[in-house]
Amino acid sequence: MVLWNPYRMMKYFYPGLVWDMATGDRMLYITFDDGPVNGITPKVLEILEEYKTPATFFCTGRNVERDPGIFNSIISSGHSVGNHTYSHIKGWYTRNSDYYADVEVASRFIPSALFRPPYGLIKPVQAGYLGQFYKICMWSLLSYDFRPDVTREKCLDRVLTKAKPGSIIVFHDSIKASANMLYALPRVLDYFLQKGFTFCKIPMNNQSIN
Ligand SMILES: [Zn+2]
């Protein structure tokens with residue numbers, strides 16, 4: 001039986017996007033989507049600080065506008081940031097001009113050449129257009145931290161068993177995902193650091209990846 005794998009399909013149709021980092025070394029790239037969120041993002045920063053681990057935060061413009069102080073802490077802690085649109089819209093269901101305008105508004109709050117489309121839903125024409133200005137960064141591994149049917153143990157186990165060198169892993173610094181994410185994150189860091197992996201941030205300079 002052939003299973004339809006949306007991830008593999010997407011990768012096939014969007015080969016120009018970043019899906020993992022080309023590396024032979026034991027490097028992992030942790031990313032957080034949908035922040036910054038008061039009460040959650042600061043806890044993530046504390047955990048990352050404790051493990052001396054850099055990461056990448058794909059923020060929405062509206063959240064940065066609401067909590068600029070937390071966004072500044074992300075930057076001053078040395079992490080990478082990326083544009084995740086202003087209002088977290090789905091490219092597939094949005095007129096191109098509206099989508100680009102939303103990304104442009106977000107760019108006033110988020111100085112970065114990295115972009116990640118919310119839900120991964122971006123039309124090829126939108127990816128082509130935005131790809132002129134941004135490195136469009138997808139992912140290799142979703143932790144499913146946001147899914148109510150996934151327990152924190154399952155979320156952790158998924159990352160521990162599926163991450164491999166060069167993986168770009170997605171967590172969310174959102175309210176919905178926080179219970180699973182805050183449980184899994186330190187354990188993921190602990191496990192892979194003990195195995196000799198290095199955690200890296202995705203470079204914000206759009207020339208220097210892949
Ligand atoms: Zn998102």
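Predicted model: local features only at pLDDT ≥ 70, side-chain atom pairs only at ≥ 80, totals over all residues.
Two residues are in contact here if their C-beta atoms, placed from the backbone, lie within 7 Å.

Residues are numbered from 1 along each chain as its sequence is written.

Overall picture. The protein chain has eight helices and eight strands. Those are DSSP runs, numbered from the N terminus: helices are H or I with at least four residues, strands are E with at least two. The C-alpha atoms fill a box of roughly 50 × 45 × 35 Å along the principal axes. Of the contacts with a separation of 6 or more, 79% join residues 24 or more positions apart.

Burial next. Of the 210 residues, 40% count as buried. Buried means 20 or more other C-beta atoms within 10 Å of the residue's own; exposed means 12 or fewer; partly exposed is in between, and C-beta atoms are again placed from the backbone.

Start with Thr56, in strand E2, residues 56–59. Is Thr56 buried or exposed? Thr56 counts as buried, because it has 24 C-beta neighbours inside 10 Å. Ile30 is 26 residues away in sequence, yet 6.4 Å away in space, C-alpha to C-alpha. Leaving aside neighbours within four places in sequence, Thr56 is in contact with Tyr29, Thr31, His79, Ser80, Gly82, Lys201 and Ile202.

Now Ser112. It sits in the loop between helix H5 (96–109) and strand E4 (114–115). Ser112 is buried, with 23 other C-beta atoms within 10 Å. Beyond four places in sequence, its contacts are Val81, Gly82, Asn83 and Met204.

Helix packing. Two packed helices are described by the angle between their axes and the distance between the axes. Axes are lines fitted to C-alpha atoms, for helices over the stretch in contact, and angles run from 0 to 180 degrees between N-to-C directions.

Take H7 (residues 152–162) and H8 (residues 178–194). They pack at about 35°, with axes 9 Å apart. The crossing is right-handed. Right-handed means the near helix is turned clockwise from the far one by less than a right angle; anticlockwise is left-handed. From H7, Arg152, Cys155, Leu156, Val159 and Leu160 take part; their partners in H8 include Tyr183, Arg187 and Tyr191.

Last, the backbone. Which bond joins Gly35 and Pro36? A cis peptide bond, with omega about -5°. Pro36 lies in the loop between strand E1 (27–33) and H2.

Thr85 has a positive phi, near 70°, in a residue other than glycine. Its place is the loop between strand E3 (80–83) and H5. Thr85 is buried, with 26 C-beta neighbours inside 10 Å.

Tyr144 also has a positive phi, near 60°. Its loop runs between strand E6 (141–142) and H7. Tyr144 has 18 C-beta neighbours inside 10 Å, so it counts as partly exposed.
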